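Hi,

Here is the structure I promised to pass on to you. Have a look at it first, and then read my notes below.

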Amino acid sequence: LSRMTRGRPWVRLKVAASLDGFTALPNGQSQWITGEAARADGQRWRQRASCVLTGTGTLLADDPLLNVRLPGATRQPALCVVDSQLRSPPQAAAWRVPHRQVWIATTEPMLREQRLAPSPNQALADEQTAWLARRDALLTALAPCLDPQRPMGHLLTLPPAPGSTHI
């Protein structure tokens, strides 16, 4: 009912944590902390999703694919990366998933800089622009957060969320 009246997708959070609430070892290294059945369940939920939402920190720290890896899977959900400083690495594994729309949600100043202004590091700016074009990645701007109770609320109204039913 809420999805229909508010026009926002259903959001499901998938996280694996140990009993003490951590997702990695104290030295920052990740390890499998879920069993095969839990990972398969996560894949089934991902297969149902219209879009997978992540942050650039996850791309930098873990270099995940964030794709559906179930046998016989024919559709990949879109990928939306929240990246306020456009730091997503061009070589990230997530970009290598074929037939998937990629959205990068960034801040208005970063969007303007990407489109209009020469960067102090022009080689990096050229590499980012070429990468975005090769991936047909779509940049979109996040509005400033005006409601501290709903810091991510605006994100759910951006493409690919319109028409999305499950993130």
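Let me start with a loop: D63 sits in the one between α3 (56-62) and β2. Helices and strands here are DSSP runs numbered from the N terminus, helices being H or I with at least four residues and strands being E with at least two. D63 has a positive phi of about 50°, although it is not a glycine. At 38% relative accessibility, D63 counts as partly exposed (buried means under 20% relative accessible area, exposed over 50%, and partly exposed in between, with a 1.4 Å probe and protein chains only). H99, in the loop between β2 and β3, is another residue other than glycine with a positive phi, near 60°. H99 is exposed, with a relative accessible area of 78%.

Some housekeeping before the rest. This is a predicted model, so local features need pLDDT of at least 70 and side-chain atom pairs count only at pLDDT 80 or more, while totals for chains, interfaces and linings use all residues. Residues are numbered from 1 along each chain as its sequence is written, and side-chain values use heavy atoms, with hydrogens and water left out.

Now the overall picture. The protein has five helices and four strands, running α-α-β-α-β-β-α-α-β from the N terminus on. Of its 167 residues, 35% count as buried.

What is inside? The largest nonpolar core has 12 residues, including V52, L66, W95 and I104. (A nonpolar core is a set of buried Ala, Val, Leu, Ile, Met, Phe, Trp, Tyr and Cys residues joined through side-chain atoms within 4.5 Å.) β2 (78-82) and β3 (102-107) each supply at least two residues of this core. Apart from it lies another core of six residues, among them C51, A78, W103 and A105.

R46, in helix α2 (residues 36-48), is buried yet has no salt bridge, and D62, the nearest side chain of opposite charge, is 10 Å away. (A salt bridge is a side-chain nitrogen of Lys or Arg within 4 Å of a carboxyl oxygen of Asp or Glu; for charge, Lys and Arg count as positive and Asp and Glu as negative, with His and the chain ends not counted.) Leaving out residues up to four places away in sequence, R46 touches V52, L66, N67, V68, R69 and P77, where contact means heavy atoms within 4.5 Å.

The other is D83, in the loop between β2 and β3. D83 is also buried without a salt bridge, and here the nearest side chain of opposite charge is R87, at 4.8 Å. Still, the side chain of D83 reaches the backbone nitrogen of R87 at 2.8 Å. Setting aside neighbours within four places in sequence, D83 is in contact with T56, S88, I104, A105 and T106.

R39 pairs with E36, their closest N and O atoms being 3.2 Å apart. Being three residues apart in helix α2, R39 and E36 are separated by about one helical turn. R39 is partly exposed at 25% relative accessible area, whereas E36 is exposed at 57%. R44 pairs with D41, with closest N and O atoms 3.7 Å apart. R44 and D41 both lie in helix α2 too, three residues or about one turn apart. R44 is partly exposed at 43%, and D41 is partly exposed at 34%.

Cheers

Methods. Polar contact = N/O pair within 3.5 Å; in protein donor to acceptor, adjacent residues only side chain to side chain.
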